[in-house]
Amino acid sequence: MKKCSLDMVVSANIPLGSNHFLLKFTHKEQLPEMLPGQFVQVRVDNAPGVFLRRPISVNFVDQQKNELWLLVQKVGEGTRKMSEYKTGDVVNMLLPLGNSFTMPQSAQSRLLLVGGGVGIAPLLYMGSLLKQQGCNPMFLLGARSADGLMQIDDFKQFGEVFITTEDGSAGEKGFVTQHSKLQEHIDKIYTCGPTPMMQAVARFAQNNDIECEASLENKMACGFGACLCCVTQTQSGHKCVCSEGPVFNTKELSWQI
Amino acid sequence: MADLKIRIGELEFKNPVTTASGTFGFGEEYTDFMDLDRIGGIFTKGTTIRHREGNAYPRMAETPSGMLNAVGLQNKGVDYFISSIYPRIKDYDTNIMVNVSGSTIEDYVATAEKVNELDKIPAIELNISCPNVKQGGMTFGVSCAGAAEVVRAVRKAYSKTLIVKLSPNVTDIASIAQAVEEEGADSVSLINTLLGMAIDAETRKPYLSTITGGLSGPCVKPVALRMVWQVAKAVKIPVIGLGGIMNTADAIEFFLAGATAIQIGTANFIDPAISVKVVEGINEYLDRHGCSSIYDIIGALEA
């Protein structure tokens, strides 16, 4: 897939709780094809402490409206600046970057998409494409508490949604790996979220002989395989999360699980 | 339209804009964003005699107006370069120069000898200044005797244009430039990254797995300009300037300080087409200043 540098126009900036926001962008021409799991590199202008671009997962692509969604957590100066974007602002992005989740071999596969915190972002787009292809994906979404849950209604359009919160304020109390849904038969898991959560999910998958793909989020400079900063250790040595990932089969990763 | 052609040793460049080693992969990473044929040259990722895994993650930290890296010369080795990468990149219409790195004189020589056999590689850049590897060359690059010794050995083994990349982590960079000129280097490129570090105050931990790393970006530009200016006055061979060049104006400053060519490094990460834009910008600057050749501004600092 050819990568490009595009000046995108902000069409909406929707706050989601105190810490997250949903940015919608559009472009005057047809957006290039983007795959679930891919990301964009956002250039954040007019933020003095921000030097590098900010890598953000593709949350959703609305083909009808020619719209790209990014779900963003306020972490530092770069993402805080992004939270101030207004409709009509022009933002430069490199896209689409990275590989993608792989589609299941059969539409009958029982698929579980497990997300935590802002890591739910790529699972919405993945879920929408799975649904389009005739699958019935299930979503297991975790957060610290009810106010950390986002886009639940969006997820419900594409499949059944199960929830865990650490404080029990919504769904089942505990971690995603403790949810009762995991007692049922599952063929494949797609996961994105904090590393300890993904490692716990990978451990569960390994112990139960389930295929598992995880989307990683390492610190990166370029985003397209030039700087070699964002590597993760794999069975075949260091691999770039930006260009050889961000999605890896968890068996390939050198995680202590 | 001014004449942008320059010469380094025996080698002609269509324009003086090249891309810095370690920031541009082997060129292929950028072909979606720009036409490689429009720039003067590409310095490849540092290549060593054997495969290197590089340092552990994390290897990068953003810093005020720049970044630290500690990649540690991750590469698949010169034989892999020759068998797998070279065939894919050799026909680009630009000068492709291999950055040769090592830890011992024997490794440098062996790597240079292998690259010497490649028809479409007209020059090497000898990296005696990597700060991220134990004996990653910087041990050679920080003394006149060490720099001279490795250049002398490589010069005997390598017949084409030999560029030596200098470390800024020294007390007198001009004397090191003179030492490598004496041993037959055709050019020097400077500066490599400045040794630095970054700490997370909350966790009391360093951001990099290696604790220290190489600083690059606009924050190093004043140091780089000063060193290019000092070295250009001290040697007769052409100087290739780099360090924090983000746009045309930065590039012009390096020419005025005495650089014959420039390398664009960290800026490629932020705008992957920046090198082509700088070529256009230099052209426009020369026209606006009534210059017919890039040589009109090289070393033209009015001080």
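Predicted model: local features only at pLDDT ≥ 70, side-chain atom pairs only at ≥ 80, totals over all residues.
Residues are numbered from 1 along each chain as its sequence is written, chains are lettered from A and ligands numbered from 1 in the order in which they are written, and side-chain values use heavy atoms, with hydrogens and water left out.

Let me start with the aromatic rings. A pair of aromatic rings is described by the distance of the centres and the angle of the planes. Here, rings of Phe, Tyr and Trp (its six-membered ring) pair if their centres lie within 6.5 Å, and planes under 30 degrees apart count as stacked, over 60 as edge-to-face and the rest as tilted. Over all chains, a search of the whole structure finds eleven aromatic pairs. One of them is formed by Phe224(A) and Phe33(B), whose centres are 5.2 Å apart and whose planes stand at 55°, so the pair is tilted. This pair crosses between chains, from the loop between strand E13 (211-215) and strand E14 (231-234) of chain A, where Phe224(A) lies, to the loop between strand E3 (17-19) and strand E4 (41-43) of chain B, which holds Phe33(B). Helices (H or I, at least four residues) and strands (E, at least two) are DSSP runs, numbered from the N terminus. Phe224(A) and Phe33(B) are both buried, where buried means under 20% relative accessible area, exposed over 50%, and partly exposed in between (1.4 Å probe, protein chains only).

Within chain B, Tyr108(B) and Phe140(B) form an edge-to-face pair, at 5.7 Å centre to centre and 80° between the planes. Tyr108(B) belongs to helix H2 (residues 105-116) and Phe140(B) to helix H3 (residues 138-141), both of chain B, so the pair ties together parts that are 32 residues apart in sequence. Both Tyr108(B) and Phe140(B) are buried as well. In chain A, one aromatic cluster is made up of Phe60(A), Trp69(A), Tyr125(A) and Phe158(A).

Now to the nonpolar cores, each a set of buried Ala, Val, Leu, Ile, Met, Phe, Trp, Tyr and Cys residues joined through side-chain atoms within 4.5 Å. The largest has 136 residues, and those with the most contacts inside it are Ile189(A), Val154(B), Val164(B), Leu190(B) and Ile282(B). Helix H9 (residues 274-288) of chain B gives the largest share of this core, seven residues. A second, separate core has 53 residues, including Val61(A), Leu123(A), Met150(A) and Val161(A).

How far does H9(B) reach from its first C-alpha to its last? The helix has 15 residues and reaches 21 Å, close to the 21 Å expected at 1.5 Å a residue, the expected span being 1.5 Å times one less than the number of residues. Among the buried residues of H9(B) are Ile274(B), Val278(B), Ile282(B) and Tyr285(B). The cover over the buried residues of H9(B) includes E3, helix H7 (248-257), strand E16 (261-264) and helix H8 (267-270) of chain B.

Strand E5 (residues 60-63) and strand E6 (residues 66-69) of chain B run antiparallel and are joined by four bridges, and two strands pair if DSSP finds at least two bridges between them. Glu62(B) has Met67(B) in E6(B) as its bridge partner. Two residues lie between E5(B) and E6(B), and Ser65(B) in the turn has a positive phi of about 50°.

That leads to the backbone. Most residues other than glycine have a negative phi, and most peptide bonds are trans. Asn46(A), however, has a positive phi near 60°, and with a relative accessible area of 67% this residue is exposed. Leu73(B) likewise has a positive phi, near 60°, but is buried, with a relative accessible area of 7%.

Which peptide bonds are cis? One runs from Gly245(A) to Pro246(A), with omega near 10°, and another joins Tyr57(B) and Pro58(B), with omega about 0°. Pro246(A) sits in the loop between strand E15 (237-240) and strand E16 (247-249) of chain A, whereas Pro58(B) is in the loop between E4 and E5 of chain B.

How values were computed:
Contact = heavy atoms within 4.5 Å.
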